[in-house]
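Q: I am new to this structure and would like to go through it step by step. Could we start at the end of a helix?

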Amino acid sequence: LYSSADGQYMLQGFLYQFKNGQALNLTEQVKGKAIAKEIAKVPLSDMVVFAAKEPKTHITVFTDTDCGYCQKLHREVPELNRRGVDVRYMAFPRQGVGSQGYNDLVSVWCAKDRQAAMTQAKSRKQLPPGKCDNPVAKQYEIGQLIGINGTPAIVLANGELIPGYQPAPDLAKLALEAK
């Protein structure tokens with residue numbers, strides 16, 4: 001939302017800068033910085049992280065274990081890691097707090113080995129019910145705050161939000177360009 005200093009004029013929408021024949025969306029840049037700042041507040045210990053051996057950048061994926069495209073993306077995590085992209089998962093139970101998806105994500109976050117539990121859950125295997133102090137509800141709130149309404153929702157290091165699945169080679173290219 002843009003307004004004049006006196007509040008008499010308001011405009012809702014995107015602000016573009018045209019430079020060298022290219023349109024640059026200044027609104028999305030500011031939004032991306034705000035998203036990156038919000039995610040940076042979340043400790044890595046509150047995420048399920050699949051780290052690259054030689055990390056060049058990272059993506060943060062808001063995920064739901066029941067989401068088919070989330071499962072497909074998870075099968076491509078080794079390829080993303082091979083290309084130097086750390087994959088950091090945050091919870092986003094699409095049906096909300098208290099749903100079966102929420103309970104499944106709590107089980108992942110409460111597991112001794114979160115990576116193995118995430119892989120198991122994404123393979124549609126049942127996990128033992130989890131009970132622990134966990135960040136699942138808080139991460140769901142963060143997702144809603146930054147405008148996520150579906151999964152997977154992928155946030156690049158610069159805060160750019162990519163809604164939906166992207167194949168690993170395309171996603172790695174975007175991630176490496178955004179670092």
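Q: What follows α6, and what is its phi?

A: α6 is followed by G147, whose phi is positive, near 95°. Helices (H or I, at least four residues) and strands (E, at least two) are DSSP runs, numbered from the N terminus. This is a predicted model, in which local features need pLDDT of at least 70 and side-chain atom pairs count only at pLDDT 80 or more, while totals for chains, interfaces and linings use all residues. Residues are numbered from 1 along each chain as its sequence is written, and side-chain values use heavy atoms, with hydrogens and water left out.

Q: Which residues of α6 are buried?

A: In α6, which covers residues 136-145, the buried residues are V136, Q139, Y140, I142 and G143. Buried means under 20% relative accessible area, exposed over 50%, and partly exposed in between (1.4 Å probe, protein chains only).

Q: Where do they fall, seen down the axis?

A: The buried residues of α6 fall within an arc of 160°, so they line one face of the helix. The arc is taken from the directions from the helix axis to the C-beta atoms. On the other side of α6, K138 and L145 are exposed.

Q: What do the buried residues pack against?

A: They pack against α1 (26-40), β6 (57-63), β7 (85-91) and α4 (100-110); contact means heavy atoms within 4.5 Å.

Q: Changing topic: how many disulfides does the structure hold?

A: The structure holds one disulfide, defined as a pair of cysteine sulfur atoms within 2.5 Å. It joins C110 to C132, with 1.9 Å from S to S.

Q: Which parts does that pair tie together?

A: C110 lies in helix α4 and C132 in the loop between α5 (114-122) and α6, so the link ties together parts that are 22 residues apart in sequence. The link is left-handed, with -90° about the S-S bond.

Q: And how many salt bridges are there?

A: The count comes to five salt bridges, each being a side-chain nitrogen of Lys or Arg within 4 Å of a carboxyl oxygen of Asp or Glu.

Q: Which residues are linked in a network?

A: E79, R82 and R83 are linked in a network of salt bridges. The side chains of E79 and R82 meet at 2.8 Å, N to O.

Q: What about E177?

A: E177 forms a salt bridge with K173, with the closest N and O atoms 2.7 Å apart. Both lie in helix α7 (residues 168-178), four residues apart, about one turn of the helix.
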